[in-house]
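This report describes the fold of one protein chain.

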Amino acid sequence: MLKDPFDWTDEAARLRADAGLVRTLRPRPVDDALLDLASNDYLGLTRRPEVTAAAGEAADRWGAGATGSRLVTGTTALHAELEAELARFCGFEAALVFSSGYAANLAALTALSTHGSLIVSDAANHASIVDGCRLARAETAVVPHADPEAVRKTLDAHPGRRSLVVTDSVFSVDGDAAPLTALAAACRAHGAALVVDDAHGLGVLGDGGRGALHAAGLAGAVDVLATMTLSKSLGSQGGAVLGPARVIAHLVNAARTFIFDTGLAPAAAGAALASLRLIEREPELADRARAVAATLHERLTDAGLTAARPDAAVVSVRAPSAESAVRWAADCRAAGLAVGCFRPPSVPDGISRLRLTARADLTERQLDEAIAVILGAAPGR
Ligand code: PMP
């Protein structure tokens, strides 16, 4: 009898189960009563009536799907409007919208590097950046986390090489911000480009949520690109690359995840555009998300927990062990609170954490409730 070609997955499943690392999907009920500190809906816009109505109107007007790739039939006036407004809001010359932030990172890294060029990547960068480096034909040098001196030394070791430095603006596990000013200085000393993934900065950092690059005075610079997702603060789906118009034109012509991918669904483009306009009308949303994060941090650390001071809307709380982190998150859930839980191998430093996301739309009462549940369920209490 012929061997089943997928038999080996049973062994992989057994090893995963032995290591306590089985992941399962848990469909979220529509009337979920859980208080949410686990999603990335930082500004609470995904259910704002203006945003969901814009998604419906866009689908009615343009259809449920984009119908083709962006260069064939998949670009609507809505895509062009979203790109123009996103670029203007964040302070860049031009923008290009993708079907996800993942695709946007792959595009920037693969289309802007070549055989013989160099990518310098922070060790804690998001998986989509790691995959972009793997797909790119360049050599990748992984440098220690948030270490501009290491970036400088790496660039020094490759004089004259076409180089690109890539970093998250806000790191998704610990919520700490990248040293963008020092990284830009290191890049400029070598004529290297700086690519910053602002997935967790857009809507939260910078004047009225214009992002980490705007906050650092780097938006619109000739040697800087931003990548982002439309799925966190903008409450929709999709991604974007922002930068000089000539670089964006290059991506239109050379980025495979742009050229060979169906355009972003009109509903997602419409929702993202509505969110962008809302953020511009309500600049206090960004302040509120940061204030909620600061309150979470202050009250949890005052009560004896260990958490780094948040630079944006992600608060990461240490757990004594992987098992206690899993139990802690499960006890929170049983008490009505959804929180994120990170443990090895997702955290290479071996420290397990609860990951809390501050949301601008949390009321004081909900915040009190969340803090009480987290403290009540904390290991050793
Ligand atoms: N970059 C970072 C830092 C992210 O956290 C994410 C989403 N988890 C992405 C990129 C990917 O974005 P998307 O979900 O839109 O593909």
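The sections below treat each topic in turn, on the basis of a predicted model.

## The seven-stranded sheet

Seven strands form an open sheet of mixed pairing, in the order β2-β8-β7-β6-β5-β3-β4. Its edges are β2 (94-98) and β4 (139-143), each of which pairs on one side only. From one strand to the next, the twist averages 20 degrees.

Strand β5 (residues 163-168) and strand β6 (residues 193-197) run parallel and are joined by five bridges. Within this pair, Thr167 stands opposite Val196 of β6. Helix α6 (residues 148-156) packs on the sheet, where it touches β3 (118-122), β4 and β5. The direction of helix α6 makes about 165 degrees with that of β3.

## The four-stranded sheet

Another open sheet has four strands in the order β1-β10-β11-β9, again with mixed pairing. Here β1 (35-37) and β9 (314-318) are the edge strands, each pairing on one side only. The twist in this sheet averages 30 degrees from one strand to the next. Strands of a sheet pair through backbone hydrogen bonds, in either a parallel or an antiparallel manner. Strands β9 and β11 (residues 353-357) run antiparallel, with five bridges between them. Val315 has Leu356 of β11 as its bridge partner.

Two helices pack on this sheet. Helix α12 (residues 284-302) touches β1, β9 and β11, and its direction makes about 15 degrees with that of β9. Helix α13 (residues 322-334) touches β9, β10 (337-342) and β11, and its direction makes about 165 degrees with that of β10.

## Nonpolar cores

The largest nonpolar core comprises 94 residues, of which Trp328 and Leu356 touch the most other members. Helix α11 (residues 266-281) gives the most to this core, with nine residues. Both domain 1 (28-47 + 283-377) and domain 2 (49-281) give residues to the core, so the core lies between them.

Apart from residues up to four places away in sequence, Leu356 touches Leu37, Leu296, Leu300, Ala313, Val314, Val315, Val317, Val339 and Ile374. A second, separate core has 26 residues, among them Leu96, Ala108, Ala111 and Val247.

Asn125 lies in the loop between β3 and α5. This residue is classed as buried because its relative accessible area is 7%, whereas the cut-off for burial is under 20%. The side chain of Asn125 reaches the backbone nitrogen of Asp168 at 2.9 Å. Contacts of Asn125, leaving aside residues up to four places away in sequence, are with Val130, Val166, Thr167, Asp168 and Phe171. One of these, Thr167, is the residue that stands opposite Val196 in β6.

Ser128 is found in helix α5 (residues 127-135). With a relative accessible area of 2%, Ser128 is also buried. The side chains of Ser128 and Asn105 are joined by a polar contact of 3.0 Å. Not counting residues up to four places away in sequence, Ser128 touches Tyr102, Asn105, Leu106 and Asp197. Asn105 is therefore both a polar-contact partner of Ser128 and one of the residues that Ser128, itself buried at 2%, touches.

Methods: Residues are numbered from 1 along each chain as its sequence is written. This is a predicted model: local features need pLDDT of at least 70, side-chain atom pairs count only at pLDDT 80 or more; totals for chains, interfaces and linings use all residues. Side-chain values use heavy atoms; hydrogens and water are left out. Buried means under 20% relative accessible area, exposed over 50%, partly exposed in between (1.4 Å probe, protein chains only). A polar contact is a pair of N or O atoms within 3.5 Å; within protein, one must be able to donate a hydrogen and the other to accept it, and residues adjacent in sequence count only if both atoms are side-chain atoms. Contact means heavy atoms within 4.5 Å. Two strands pair if DSSP finds at least two bridges between them. Axes are lines fitted to C-alpha atoms, for helices over the stretch in contact, and angles run from 0 to 180 degrees between N-to-C directions. A nonpolar core is a set of buried Ala, Val, Leu, Ile, Met, Phe, Trp, Tyr and Cys residues joined through side-chain atoms within 4.5 Å. Domain bounds come from an automatic or database domain assignment.
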